[in-house]
Amino acid sequence: MRAVVFKATRQVAVEDVPDARVEQDDDVVVRVTSSALCGTDLHMYDGRTGAVPGMVLGHEGLGIVEDAGRAVHRVRRGDRVVLPAHIYCGVCFNCARGDSAACLRVHPGHVGGAYAMPGMGPFRGSQAELVRVPFADANCVVLPGVPGDEHEDDFVLIADAWVTGWHATELAGVRAADTVAVFGAGAVGLLAAYSALLRGASEVYSVDLIDERLDKAAELGLVPVDVRRGDPVEQIRELRRARAGARLPGEEEMEGVMAGIDAVGFQARDRSRLGTEDPRQVINDLARLVNPTGRLGIAGVFTTTDAAPAPEGGHADGSLQVPWAALFNKGVTVGFGRTHDRRYTTHLRDLIISGRARPGQIVTHHESLENAPGIYDRFDRRVDGIVKAVFHH
Ligand SMILES: [Zn+2]
Ligand SMILES: [Zn+2]
């Protein structure tokens, strides 16, 4: 089968590799119709998170079940399925409580597993013609329709980008009428902000520094905030003041937001020198911006194995200096971590089917799998206005 293979830092190739096949009785093999490129792929591409040459990349896949082991009961050959990035068994101590990203069986001796991520198990990725799905009854979300229909882009985003964005709004406890700020307007950030709107937020600010992403934010009904124009915390406070109506006593002290989301992660830019990384930048900004009694969701990736930590503020093991006292004094609740896909996938699928949500609006580029090396390069250099690229197989 053809597959996108990691060769070395900033080098991927499309190559022939052995076909994915049923290895355990509870596996299926899926013929991939769409796979998406993700910022997490770039962490590997950039040589930051320990990708091993020869890895088949991709953790966002949609396709048709081609073969099924004899112990698979819920999905059959011919079913259209999306494959959530974080693989889980469905029955262990953590899965049973819905904490599927912390599955204790999928990668023995570790917490959680995923396709094509260093340290997350031996699972090959879905930027390939075929992909093996372990614990298939748990890890296939069955979908209506046929490949290439109007929901192809919507459904592929259930594999990771939208569930991660939705999870961020859960971590930040977004409720109806909340004011929300999302730092980072890549696919996850945009879909976190879009999720906040779906959950009834009153104002949603989307912070970034790339024109096409800020344009997309505006298209989705978010308020774009351009970091290149100055301190985003002050910009948002200013916008909030301009919108304020009749206030309750003391409300002027609440000119920040009730919920904040980090959708950037460890490669955040230092705002005073935008060409330089500072992994503390976003948490520092969020700690200033969040209102007393507010909530933060940290959904951007942080790694304990950074091969090239930022010169200031970075640390190979991911240790960060954070404004703990500010968060304490404001009584802020902070949530962290990977998305528990199992909790959200079928709900998000149904929002798409009912027509309430069209996450596929954020997809800007469609490419053939054979063009993967060029798209990796352009996405990595943030050129060509790529917000989200999907490979059609
Ligand atoms: Zn992803
Ligand atoms: Zn499990």
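1. The site of the zinc ion (ligand 1) is tetrahedral, with angles of 99 to 130 degrees among its 4 donor atoms; four donors count as tetrahedral if all angles lie between 85 and 135 degrees. Its protein donors are Cys38 (SG), His59 (NE2), Glu60 (OE) and Asp160 (OD), at 1.9 to 2.3 Å from the ion. Donors are N, O and S atoms within 2.8 Å of the metal (3.2 Å for Na, K and Ca), and sites may look incomplete because water is not among the atoms.

2. This is a predicted model, in which local features need pLDDT of at least 70 and side-chain atom pairs count only at pLDDT 80 or more, whereas totals for chains, interfaces and linings use all residues. Residues are numbered from 1 along each chain as its sequence is written, chains are lettered from A and ligands numbered from 1 in the order in which they are written, and side-chain values use heavy atoms, leaving out hydrogens and water.

3. Along the sequence, the donor residues of the zinc ion (ligand 1) have the spacing C-x20-H-E-x99-D. Cys38 lies in the loop between strand E3 (28-36) and helix H1 (39-45), and Asp160 in the loop between helix H3 (152-156) and helix H4 (161-171), so the pair ties together parts that are 122 residues apart in sequence. Helices (H or I, at least four residues) and strands (E, at least two) are DSSP runs, numbered from the N terminus.

4. Cys92 and Cys103 each lie in the loop between strand E6 (86-87) and strand E7 (113-114), so the pair ties together parts that are 11 residues apart in sequence.

5. H4 and helix H5 (residues 187-198) pack at an angle of about 55 degrees, with their axes 7 Å apart. Axes are lines fitted to C-alpha atoms, for helices over the stretch in contact, and angles run from 0 to 180 degrees between N-to-C directions. In the contact (heavy atoms within 4.5 Å), residues of H4 including Trp162 and Trp166 meet residues of H5 including Leu191 and Tyr194.

Methods:
Tetrahedral: all angles 85-135°; square planar, octahedral: opposite > 155°, others 65-115°.
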